[in-house]
Amino acid sequence: MPEKKSPKVVMDSDGIERCLTRIAYEILEKNKGIHNLVLVGIRTGGIYLAERLQKKISAIENAKIPLGVLDITLYRDDITKTSKKAPLGKTKIPFDLEDKKVILVDDVLFTGRTIRAAMDALIDFGRPRMIQLAVLIDRGHRELPIRADYVGKNLPSSLWEAVSVNLLEKNGKDEVLIEEET
Amino acid sequence: MKLAKKDILGIQEMTVDEINLILETAESFLEISTREIKKVPTLRGKSIINLFYEASTRTRTSFEIAGKRLSADTINISASTSSVVKGETLIDTARNLEAMNPDIIVLRHSAAGAPHLLASLVRQSIINAGDGAHEHPSQALLDMMTIREKKGRLAGLKVAIIGDILHSRVARSNIYGLSKMGAQVVVAGPATMMPRNIEQMGIKACTKLEDAITDADVVMMLRIQLEREKQNIFPSLREYARHYCLNRRNIKLAKPDAIVMHPGPMNRGVEISPDVADDPACSVILDQVNNGVAVRMALLYLLSGGNE
């Protein structure tokens, strides 16, 4: 048995904050303000990142933009196949998506299957003007033709590595880790 | 946490964790019924057969809508329009349905244990939608979901169940479920409608409605099965109503914030007076129906490998 290396911190609390601040400005620049802009976080990591982006954007523009939460479990393509799954969470989209510019927020972009499911789910709620994607980490290995509009950090990884984003709100600490999968 | 079951046959064989998992999953499903497009693709390609040997509006429609909102194909078979009238046995019907490869069979039957028999014979998942006077698990689950939604908890609540306890599968499933979840159950009904030694289920039994509903958090009225009048277990509907009808006057004995439930169909003026049944301040009867769809979606989803 080769010795398992301990997890490596690839981004710390300050790094995450700087990434999110930059993404907030990029969103505002690309969309020329907050008109018709809404944020939707994907359960669970994406929710906290979306909340932080909402705060940052509010602070810059002095106006709050709507925030929704999406659980994509019911839209997965592997519902009866995979062995580990989080319990079904609640979806809350408390606004009309018609003609909105939706910023979909997730922590890690990997195969792209979660984003595919999230887009299907969003479209069931209405017809947004456009959907843009913001992720904290893009680790590559896409299995679908999907790319992010806003990326915190590109993190080249191998398939046998696990990337985890720990956030203050759910793990008590802000950090991004990479480690060899057991 | 997973639902390690092939079938949903009764609340008696369920654990507290399983009940919690089903209720939590159902709460997440509530939102789908409020969408403009009330459909998610989760069970696409699955077939669900509703096999109903007894009359039903609510339960059958509820299972059908639940299946359709999850994108499953639902097929309804009722005894009166099937080969049952030609004399086919339940086992033969089930074997033939099995050969058509459905994924889940929802069965209502007048014989207690019919779903258990099917579950041992066919490889499909069986959901008991009511078997004789035995159990009606999805009803008890939607009742528990409604109580939890309104009261925030189940443990420590006093729940009064009034009516024909002897013939009621709703009562039986609720007694199992509520007791497991830590609620205190009190039943009341005429002696002819009370099973002997009911206290062995760990609950209290009274003869008078007033004794049971005093200080209750939840009052659950059962339907009087009108056909029982002919069996001489009560003298007349009027007489029954005089002693066991929940009305404006006796509801005051329950806690001021008590909720009133009824599994339907209601006999207005027999077991429940219309002014109580229609009072939005205490009646949660239509919330029960709304939650019923979510509970059945949760059952279909969990049996199909969700959260496996």
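B:Asn101 sits in the loop between helix H3 (90-99) and strand S3 (104-109) of chain B. Its phi is positive, near 60 degrees, in a residue other than glycine. B:Asn101 is partly exposed, at 48% relative accessible area (buried is under 20%, exposed over 50%, partly exposed in between; 1.4 Å probe, protein chains only). Helices (H or I, at least four residues) and strands (E, at least two) are DSSP runs, numbered from the N terminus.

This is a predicted model: local features need pLDDT of at least 70, side-chain atom pairs count only at pLDDT 80 or more, and totals for chains, interfaces and linings use all residues. Residues are numbered from 1 along each chain as its sequence is written, chains are lettered from A and ligands numbered from 1 in the order written, and side-chain values use heavy atoms, leaving out hydrogens and water.

**Backbone**
- B:Ser71 has a positive phi near 70 degrees. B:Ser71 lies in the loop between H2 and strand S2 (73-78) of chain B, and is buried at 15% relative accessible area.
- The peptide bond from A:Arg43 to A:Thr44 is cis, with omega near -10 degrees. A:Thr44 belongs to the loop between S2 and H2 of chain A.
- B:Gly264 and B:Pro265 are also joined by a cis peptide bond, omega about -10 degrees. B:Pro265 is in the loop between strand S9 (259-261) and helix H9 (274-277) of chain B.

**Helix H2 of chain A**
- H2(A) (residues 45-61) has 17 residues and should span 24 Å at 1.5 Å a residue; its end C-alpha atoms are 25 Å apart, which agrees. The expected span is 1.5 Å times one less than the number of residues.
- Its buried residues include A:Ile47, A:Leu49, A:Arg52, A:Leu53 and A:Lys56.
- Their cover includes helix H1 (13-31), strand S2 (37-42) and strand S5 (130-138) of chain A (contact is heavy atoms within 4.5 Å).
- A:Asn62 follows H2(A), with a positive phi near 60 degrees.

**Second largest pocket**
- Its volume is about 580 Å³.
- Of its 23 lining residues, B:Arg108, B:Arg169, B:Arg223, B:Gln225 and B:Pro265 lie nearest the centre.
- Helix H2 (58-69) and helix H6 (169-180) of chain B each supply at least two lining residues.
- A pocket is an open set of points on a 1 Å grid over the protein atoms alone, where a 1.4 Å probe fits, with protein on both sides within 12 Å along at least five of seven lines; lining residues have an atom within 4 Å of a point. Points are joined across faces, edges and corners, and the volume is the space filled by probe spheres set on them.

**Cysteines**
- The whole structure holds 0 disulfides (cysteine sulfur pairs within 2.5 Å).
- The sulfur of B:Cys245 is 13 Å from the closest cysteine sulfur, in B:Cys282, too far for a bond.
- B:Cys245 is buried at 8%.
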